[in-house]
Number of protein chains: 2
Amino acid sequence: MTGRLIDVSVALERPIPTWPGSRGHRTFRTMAIESGDAANVTQLEMDVHAGTHVESSLHFLAEGQPLASVPLGELVGPALVVEIVGPAVTPALLEQAGIPSGTTRLLLKTTNSALWHGDGAFDRHYVALTAEAARWLVEREVSVVGIDYLSVQRFEDTPETHRILMRAGITIIEGLDLTDASPGAYELVCLPLRLGQAEAAPARVILIDRTATT
Amino acid sequence: MTGRLIDVSVALERPIPTWPGSRGHRTFRTMAIESGDAANVTQLEMDVHAGTHVESSLHFLAEGQPLASVPLGELVGPALVVEIVGPAVTPALLEQAGIPSGTTRLLLKTTNSALWHGDGAFDRHYVALTAEAARWLVEREVSVVGIDYLSVQRFEDTPETHRILMRAGITIIEGLDLTDASPGAYELVCLPLRLGQAEAAPARVILIDRTATT
């Protein structure tokens, strides 16, 4: 486990961009030492799609599979971070990125990552996959795709982009903050809460940079 | 990252033992495809001390530190699982367990693990540390201690057991299910949700058994 750990999860603290209509997240104390309680105790209430989270096919497919269908081993292992510069992730930009064949875990770093460090307003012009890019990932037999905003599909698109990925059994990680991850090869450790029967779960996600043996 | 992955987290699904007075956890759908919505969306509401979770010193110390004070590297790395057979974890039983000096992450497996697989009733006779055992861990300079029920301290004891650990800066993992982990050496990966300002956060925790290269 040698190497530098990079936290690519969004802190559920400050105001962060929230999907329109979503309940987002909130925390509050139900016990407080300063009020005379024996301990401090926090309550967490959230849309499981707030912040950094993992989705299985039950999210957009009526006959989809819940999160328990995703083996943990799929979310732990070698991963590639590529930077995509453009208003959308297209097959042409994916081709240009020089993704080696056999890449199973692909994390897409875009200008979105900076949006986590702004005023918390939701920006509907975030960068995401076109339906054609989703098909490209299916053809390349990617098993996990991650992106650095709240959806893999563009705001104005239909859920078809999600469904193309989900019908192919591709697991989706959304809400990554890849600010601190330069493009390159890492060890991904993505651990969602164990909400096995749900369609998604909030996750803590780290990248291990093995080239930096600290 | 080669090796067998063992999930030592409690599923937040079935009725599971809940601390008396705690709100526990619940999930419900806020959108459902079968009701005509475009997607299935789940809401999660929980006491951050329900199920498997990590605690920092702010939980029981008024001047304690929030979870952000715990470096992720403390929760990722070599760990030892020892089995303690007895009604409480005592210095004598810890001595008997033959824990090598220099052990920094110690996970205590007891008969508690079976309690996760029962009817979900809270059992106040769970196995936990005596205050003397907490002092023993401080003297041994352990940095992380984990246990397989909802508290490191016995139900009838005062918070002193927690406070001894927390004053020494020891990070606590509670609510592990060590049923599938035989005693021995592992790589621990414990990733709590990024609730940096809270006193605790729910976590997904895995052990990597490097002797099993699958």
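A residue is buried if 20 or more other C-beta atoms, placed from the backbone, lie within 10 Å of its own, exposed if 12 or fewer, and partly exposed in between. Helices (H or I, at least four residues) and strands (E, at least two) are DSSP runs, numbered from the N terminus.

The model is predicted: local features need pLDDT of at least 70 and side-chain atom pairs count only at pLDDT 80 or more, while totals for chains, interfaces and linings use all residues. Residues are numbered from 1 along each chain as its sequence is written, with chains lettered from A and ligands numbered from 1 in the order in which they are written.

**Exercise 1. Find the buried residues of helix H2 (residues 131-139) of chain B, and state how they lie around the axis.**

Step 1. Ala133(B), Ala134(B), Trp136(B) and Leu137(B) are the buried residues of this helix.

Step 2. These residues cover an arc of only 155° around the axis, so they are on the same side of H2(B). The arc is that of the directions from the helix axis to the C-beta atoms.

Step 3. An α-helix has 3.6 residues a turn, so residues three or four places apart point the same way.

Step 4. Now look for the cover. Helix H1 (91-96), strand S7 (144-147) and helix H3 (160-167) of chain B are among the elements that cover the buried residues of H2(B).

Step 5. After H2(B) comes Glu141(B), with a positive phi near 60°.

**Exercise 2. Which residues of H3(B) are buried, and against which elements do they pack?**

Step 1. The buried residues in H3(B) are Thr161(B), His162(B), Ile164(B), Leu165(B) and Met166(B).

Step 2. They pack against H2, S7 and strand S8 (171-174) of chain B.

Step 3. Gly169(B), which follows H3(B), has a positive phi near 80°.

Step 4. Turn to chain A. In helix H3 (residues 160-167) of chain A, the buried residues are Thr161(A), His162(A), Ile164(A), Leu165(A) and Met166(A). Just after H3(A), Gly169(A) has a positive phi of about 75°.

**Exercise 3. Describe the pairing of strand S8 of chain B and the directions of its residues.**

Step 1. Two strands pair if DSSP finds at least two bridges between them.

Step 2. Strand S4 (residues 53-55) of chain B pairs with S8(B) in the antiparallel sense over 3 bridges. In this pairing, Glu55(B) has Ile172(B) as its bridge partner.

Step 3. S7(B) and S8(B) run parallel and are joined by 3 bridges. Here Val144(B) has Thr171(B) as its bridge partner.

Step 4. Thr171(B) and Ile173(B) point one way from S8(B), Ile172(B) and Glu174(B) point the other way, and all are buried.

**Exercise 4. Are Gly118(A) and Ile147(A) buried or exposed?**

Step 1. Locate them. Gly118(A) lies in the loop between strand S6 (105-109) and H2 of chain A, and Ile147(A) lies in strand S7 of chain A.

Step 2. Count neighbours. Gly118(A) has 11 other C-beta atoms within 10 Å, so this residue is exposed. Ile147(A) has 27 C-beta neighbours inside 10 Å and therefore counts as buried.

Step 3. List the contacts of Ile147(A). Two residues are in contact if their C-beta atoms, placed from the backbone, lie within 7 Å. Apart from neighbours within four places in sequence, Ile147(A) is in contact with Leu108(A), Ala128(A), Val152(A), Glu174(A) and Leu176(A).

Step 4. Compare positions along the chain. Gly118(A) and Pro17(A) are 101 residues apart along the chain, and their C-alpha atoms are separated by 8.8 Å. For Ile147(A) and Ile172(A), 25 residues apart, the separation of the C-alpha atoms is 8.2 Å.

**Exercise 5. How many residues of chain A are in contact with chain B, and which strand of chain A gives the most?**

Step 1. 49 residues of chain A are in contact with 49 residues of chain B.

Step 2. S3(A) gives the most to the side of chain A that touches chain B, supplying 7 residues.

Step 3. Sort the residues of this side: 27 are nonpolar (Ala, Val, Leu, Ile, Met, Phe, Trp, Tyr, Cys and Pro), 10 are charged (Asp, Glu, Lys and Arg) and 12 are polar (the others, Gly among them).

Step 4. S3(A) pairs with strand S3 (residues 41-47) of chain B in the antiparallel sense over 5 bridges. Met46(A) has Leu44(B) as its bridge partner in S3(B).
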